[in-house]
Structures are given as C-alpha cells and as structure tokens.
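Here is a quick tour of the fold, taken one region at a time. Have the viewer open and follow along.

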Amino acid sequence: MQKRITKAAVIGSGIMGGGIAALMASAGIKTLLLDIVPFDLSDEEKNDPKARNRIVEKGLKDAINAKPPLFMDKKSDPQLITTGNLEDDIDKLADCDWIVEVVVENVKVKQELFSKVEKVRKKGTIVSSNTSGIPLKDMSGHLSDEFQQHFLGTHFFNPVRYMHLLEIIPGPKTDKAVLDFMADFCEKYLGKGIVWAKDTPNFIGNRIGIQGMGKAMNAMLEHGLTIPEVDAIFGAPMGRPKTAMFKTSDLVGLDTMYHVAKNCYEMCPDDEMRDTMALPEFVGKMVENNMLGNKTKGGFYKKELTEEWKTIRKVINPETMEYEEYGKADFPCLAEAKKKSALPEKVRAIVYGDDKGAKYAWDVTATGLIYAANRIPEISDTIVDIDNAMKWGYNFEMGPFETWDAIGVKESVEKMEKEGRTVPEKIKKFLDAGNETFYKIEGGRRYFYDFASGAYKPVPVSEKQISLYNLRQENKVVKSSGSCSLIDLGDGVFDIEFHSKMNAVNREMIEFMIEAHEYVSKNGVGVVVGNQASGMPAPFSAGGDLGFMLGLAKEGKFSEIDDFIKTVHQSILASKYAPYPVVAAPFGLALGGGCEVCLSADRVVANADLFMGLVEVGAGLVPGGGGMMHLWQNYIRYKPQVAKITDYSGFFIQAFMHVAQAKVSGSAAEARNSGFLRPADRIVFNKDLLIGEAKKEVLRMVDDCYVPPRKEKFPVFGREGQGMIWSEMLNMKTGGYITPHMETIAKRACYCMAGGDVPQGTQVSEEYLLKLEREAFVDLWRTEETQKMAEHMMNTGKPLFL
C-alpha cells in the first residue's frame, strides 16, 4: 500500500484530542482540529466565527499550556494546527489523509458523526476512532464497505506524548494493508509501541488495568490496609511507577478512572471477575463530591498549606471521607525487598512474605495473573501484547506474564491451588508439558510461549529495531566493565553502552571509552554511544558521578579531581577527533556529563523526548567536560552569520544563560533551538528505533567518505563580554536574587565561556578553553559551599543555593 499522511484531522479537542493533535503537529504533520459549535450562543454570537470556534480554541489553548508539555516545540508546532467547527468546516476533511475521532463515548453520537464524515472524506482516507471500548462494528456497521475497509481503532493513552502505547484494533472489514500501514506509520513517525488488540470492551490495557485497580481497592478494604500502605507496596518495590496506585489515579482523574471502570463493568456481563471491576462505594462518593484528584486539588491525596506556609500532605479516610495526615508506610516484606538488587527478587520477597502487606500483595497479584491468563484469546492472542500493553500504557516494569516468571510459575500455581483459587486449564497444561517460564532465551533470541500452538515462538521485534539485550545474549559484547560495554552492532559499527547507576559518568566509564575508541580504530568503521532501558524509563545519562568527586574533595584530594578531569578531556577529544564517525543516541535525561558526551559527537540522533542541559551550576560547579566550549562553538558555527565578533553579544548571553540557569530542554526540538543540537542532528520519535537509526547514520557518513574535523582555533567574546555579565550578576546579588557563592559560580562560568582574560575576538585553542574549565571546576570543589551543594544534590536530586 503506497500511502503518505501529509495532513490529518482530529475531531474532538478535549484532553485526548488536543494531545493527539499536539503529537501530530510535533511530528510535522499539518493537522485540522475540529469540535462542536457551543450550544449556548446568543443570536449575535451565532454569526461570529470566533464565538462558534470557542470550544476548539479553548482545547488548543489548553494543549499549548499543558504541563507536562504536549508539544515538542510550543512556539512552532502549534502553527501546524488549524481549527474549526463541525458545522462550518467539515468540508475541510476532504483534504485529509487520516481522520481521528475523539468525541464523547456515545455510540449514537459517533454513528452520526461518521455518517457526516463519509459524505466529505475522499476515497482512501483512513478513519480511526480513539474509543476506549465501544465496539467498532457498532460505530461503522451502517457505512459503506469502502469506509469500513479504511476504518480501525487507534487507542492512544494519556498523556499522548509521553505514553508509549498505541492499541490498534481492526474492524470487521478493515483492509490488512491499511492496518500494516498504520502500524508502521504510528511506530516510526509518532514513536508509538504497537499492540494489536481485539474489538472487546476496554481492549487490552484498560481491561487488565481496571481489573487490577478494582481488585486492589476492594482488597485494601478487605485486608484492612490504608491508601498509603497500598501505594508503598504497589509502587517501585513491585516494579510499578512511583505514583503507585492511588497517586496515579489522582493524576489521571478519578472521574476518568471511574468512567472506564463503569464502562468495563457494564460491557462485560459474563466476565468471571466482573465484581472486581466495581470500584468501592467511597470512590463513587468522591466522584460525586468532585474530589477528582490533581485537577480539583484533592483526590485520594491532598496538600494543605498551614499559616506558617508549611505543606501538609493528607490522604482520604475511606470510612469518614475526611482527609488525615499520614506517615511512612512500611511492612517487613518491604524491608526484605530493599535488601534485594534485582526486581524479580524484590517481587518474590513481597508476595511470598508472611505479614499483612505481603498477604495483600499476593492476593492482588495472584488474582491479576489468573485474570490475564483467562483473557487469552479473548482480548489478545499472545502474552507479549498483554505484557507490552501494561508496560507501555501503565509504566509497569514487568507485564503480568513476566511477573509470573519472576515469582516462579510452578511455585505460585501450587500456592494458588492450595488456597482454592481456580487456575486456568491452559496454565496447568503449560506446566504439565514440562515448561517452567513463559519467556526464555535460546541462541541469543527471546521466545514467548504461545498458548494456541503449545510451542515457543520468537518475540516479535520491529525490523527497524536493534536490541542490545539480544546482542548481549548472542555474545556480541566485545569489551565490558562494571559501568560500560562495547557491543558489536554489525557492519563494523560498535555501540558504547552505559550501565552505571543512572548511567552517571564516572572514572571507569571515561577510561573505558578511551579503550573502546582504541579498539574501534583498529577493528571498526564507526561508533554509536547509546543505551537501552528495559522496563521503566531510564536516563541516557543523569550527569557526572557526584559521589566519587565529593569523596575526593572531602579528603582534600584535589589533584586527583584535576587528573580525572584531564582524563575526561582526553576521552572527549578522542571521541571528537576519532578517524571514524561517532554518533550519540540520547533519550530521556542527558544532563551534565551526559550532555557533554553528546556535544562532542560528530552527529546526534536524539529521541524526541530529550531533556538535555548543562546543569552543573545546581551542584555548585561549572561544566567540566568541554560543555561550555562546545555549546559556544555550536552558537558561532550554526547561528546566522554575522560580520563582527561584537555582533555575537546576543548569542553569548543566550549560551551563557543556558549554563548559568541550568536550563534543561523540554524536548529534542527545544534542545535544537537552544543550541545543544545542530542543524544536521536528527530527531527520532520512537526510542526503540534509536540505536538502529544511529547505526544507519554512522554507515551513511562512512559511505559519504567521512573525514574527521580539523582542530581549529575559534573566536571568543573575551573580557568585554565578561564585564557585561559580571555587572548583571552584581545587580542580582545586590537585589538578593542570587547568593554570593552563586555569583562566584556564574562568574567562573562566564570567564571560561568568554575565553578568560583576553581581548574580544581573540582566536583560542580548545586545549586553552578546556584548561580554564578544569581550573574552575577544581577550584569550586575546594569551597565548603560547593561541597554542601553537591551533597544536597546527590541526596535529594534538587539544587541547594548557597
């Protein structure tokens, strides 16, 4: 099927519709956003286009102002969206290649809308519904075969930009070519992880998720636990998001959760665990009383401010419906889980414990595992799609069947049967056949158990994706240390993968990278610097190893810090001037040292969700790995050409403020606008494809007869630029906006970036600027204030300004 989507339409401008439109525009797709005409217009307003578009304009405005941001670039991306209403502008749908319906969950409303859409859409236009559970056949059965052949379900998860999951649901007559095209397009251009769902109530993610949430809430009352105790268990210790169960509900909105649960309960009359979908009575009362979570400043949790401006955190008491203060929840099983390093061990420690919390965790987990098994093949044909739906749509580290493997299938089934639980026959047959786990590794490949065939099959992986996990299983690791590995990607390209805690840049990693480049210079054609996180999102690199340097500083070993930074510079320059292309593939957090690794690469292939910045100021330091130098080089090389160095003043202030204010980009697009990414650097929406795309970039540069950059001197802004900044710092200190030590840090950063005590326009070498950075970095570590700031940052993740 040869098709291209150059223009799309989104009908419905609420939270989901606005989020889908924002994602489309961020991907460079011209988007038409439509909504209804307000019902309450006066006679005069009925002829006013502005009034008639009031709803859709508010929807777009809300999307632009959303936090976290829905647009990758809030300045330019919204310009790709045009708005209108369904009475005056429906004919504009004729220009669209894909139309997405995101209106109220009412089958009659959707039927009427699609009848109107069919009259104006051009032949071949794809139409999809974002319904969370209304059967597709009920919405489209009255329409032409040609319409139904191009009709499917595309169920996004909220917030659309950040949730990786997209459930694609075929309709009764959907053309396979349409389905294949949409899966490929949404994976590549919108960055989604595709799960194939069946046309059943709430599809996969919400069917499993709502049952699990309903069971957890009802079991909480049965076992006599509190809300904070439930969240302490079903948070990070069980591989769930830190917001756990109830805080996540506050984020989503209790009204949304309640509606989805009610819809599932009503549409699943024959579900064997239907009773678990009925949320407790107190939740319904909260919805009636508009206690909906964060959007109403109070849901399961609430923050209150005392007269002394102290924040008090409270939680709802389900019995009294009053908010009460609460403390830290703990159980022996959680204490035992803390002693374990790997997630499977933590989960086992919890569900097989003997205390009250452990018994509750086991009850909820066992019920959920049995439920997931019973949903095959009703909602999905494979365990892979169910596991992926829960990982990508609910941010679980492990899906149900991966969790079952973690706690031991045989051991858990024996416990279930001993308690009188009804274990699905398919699970019994699975064990009777001598199988032990639902997933296994053979020959470097990951396989899953297929219930339909009774055999193991390879886990499907996109042809565009390179799995570092699989390569490790295939013994493609060439060199390795505790913090870093060098992996053979094939075709002479090697990947430098970080795997320290938070992928923080430490001495071992720096020394390893020097060795890795020496190896590739003899055995390869290029390098990718990139990682892949399994389960929960992990950073590309959260910065430098503060603990290592703080320890040296407290012992007065400043010469060792100086030697370490010299090694850092050696590693950075080895990468920058390597005789082969080096491509960095960052995603998520790329802060401090992680940002500096990227700035030294020939090219960056970044994930769209990139949070990049030089944030060392927050730890009482200046960037020490060439970050300021490379950022300034990006500004003078890739910003508009100017005639004289004096005309760079605006650029210098911009570059300096990114360092002085520790600014972090909200996306890769913002990183490009800020000068961290260059015009030739690429942005990839799907993180899963990042390593593969980076490898392609290396090979493309090799094919183009890559020549490494030449060492050249470049102009700096000199002492004149420093005077301009220093006077402003003095004003800020005098006005009480910054502390004396923060003024000192800012002055040292300015001194380094401006090139030291030289006249404006002086051509300087990289070695000269790196020496300035190193001296400032070491000098600041000598101060008591910086040591306190660094220790606070290391312990809390937050800056302390002294």
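Which handedness does the crossing of α25 and α30 have, left-handed or right-handed? The crossing of α25 and α30 is right-handed; a crossing counts as left-handed if the near helix is turned anticlockwise from the far one by less than a right angle, and as right-handed if clockwise.

## Ground rules

This is a predicted model, where local features need pLDDT of at least 70 and side-chain atom pairs count only at pLDDT 80 or more, while totals for chains, interfaces and linings use all residues. Residues are numbered from 1 along each chain as its sequence is written, and side-chain values use heavy atoms, with hydrogens and water left out.

Helices (H or I, at least four residues) and strands (E, at least two) are DSSP runs, numbered from the N terminus.

## The α25/α30 pair

Back to those two helices. α25 (residues 627-638) and α30 (residues 740-754) pack at about 55°, and their axes are 9 Å apart. Axes here are lines fitted to C-alpha atoms, for helices over the stretch in contact, and angles run from 0 to 180 degrees between N-to-C directions. That angle makes α25 oblique to α30: under 35 degrees counts as roughly parallel, over 145 as roughly antiparallel, 65 to 115 as roughly perpendicular, and the rest as oblique.

Met628, Leu631 and Trp632 of α25 make the contact with Ala749, Cys752 and Met753 of α30, contact meaning heavy atoms within 4.5 Å. The residues of this contact divide into 6 nonpolar, no polar and no charged.

## The 8-stranded sheet

Now for an open sheet of 8 strands, in the order β3-β2-β1-β4-β5-β6-β7-β8 and with mixed pairing. Two strands pair if DSSP finds at least two bridges between them. The edges are β3 (81-85) and β8, each of which pairs on one side only. On average, neighbouring strands are turned by 25° against each other, direction ignored. Helix α1 (residues 15-26) packs on this sheet, touching β1, β2 (30-35), β3, β4 and β6, and its direction makes about 165° with that of β2. β1 (residues 7-11) runs parallel to β4 (residues 98-101), with 4 bridges joining them; valine 10 stands opposite valine 100 in β4.

Buried means under 20% relative accessible area, exposed over 50%, and partly exposed in between (1.4 Å probe, protein chains only). Both faces are covered, with Phe151, Gly153 and His155 buried on one side and Leu152, Thr154 and Phe156 on the other. β6 pairs with β5 (residues 126-129) in the parallel sense over 3 bridges, and serine 129 stands opposite glycine 153. With β7 (residues 165-170), β6 runs antiparallel over 5 bridges; histidine 155 has glutamate 167 as its bridge partner there.

## The 7-stranded sheet

Another open sheet has 7 strands in the order β15-β16-β17-β18-β19-β21-β23, again with mixed pairing. Its edge strands are β15 (477-480) and β23 (682-684), each pairing on one side only. Neighbouring strands are turned by 20° against each other on average, direction ignored.

β15 and β16 (residues 484-490) pair antiparallel over 3 bridges, and serine 480 has serine 485 of β16 as its bridge partner. Helix α21 (residues 507-523) packs on the sheet, touching β15, β16, β17 (493-498), β18 (526-529) and β19 (582-584); the direction of α21 makes about 175° with that of β17.

Most residues other than glycine have a negative phi, and most peptide bonds are trans. The bond from asparagine 158 to proline 159 is cis, with omega near -5°, and proline 159 is found in the loop between β6 and β7. The bond from isoleucine 376 to proline 377 is also cis, with omega near 10°; proline 377 sits in the loop between α15 (356-374) and α16 (383-394).

Asparagine 202, in the loop between β8 (193-196) and α8, has a positive phi of about 65° and counts as buried at 0% relative accessibility. Asparagine 475, in the loop between α20 (468-473) and β15, has a positive phi of about 60°, but is exposed, with a relative accessible area of 70%.

Methods: Ala, Val, Leu, Ile, Met, Phe, Trp, Tyr, Cys and Pro count as nonpolar, Asp, Glu, Lys and Arg as charged, and the others, Gly among them, as polar.
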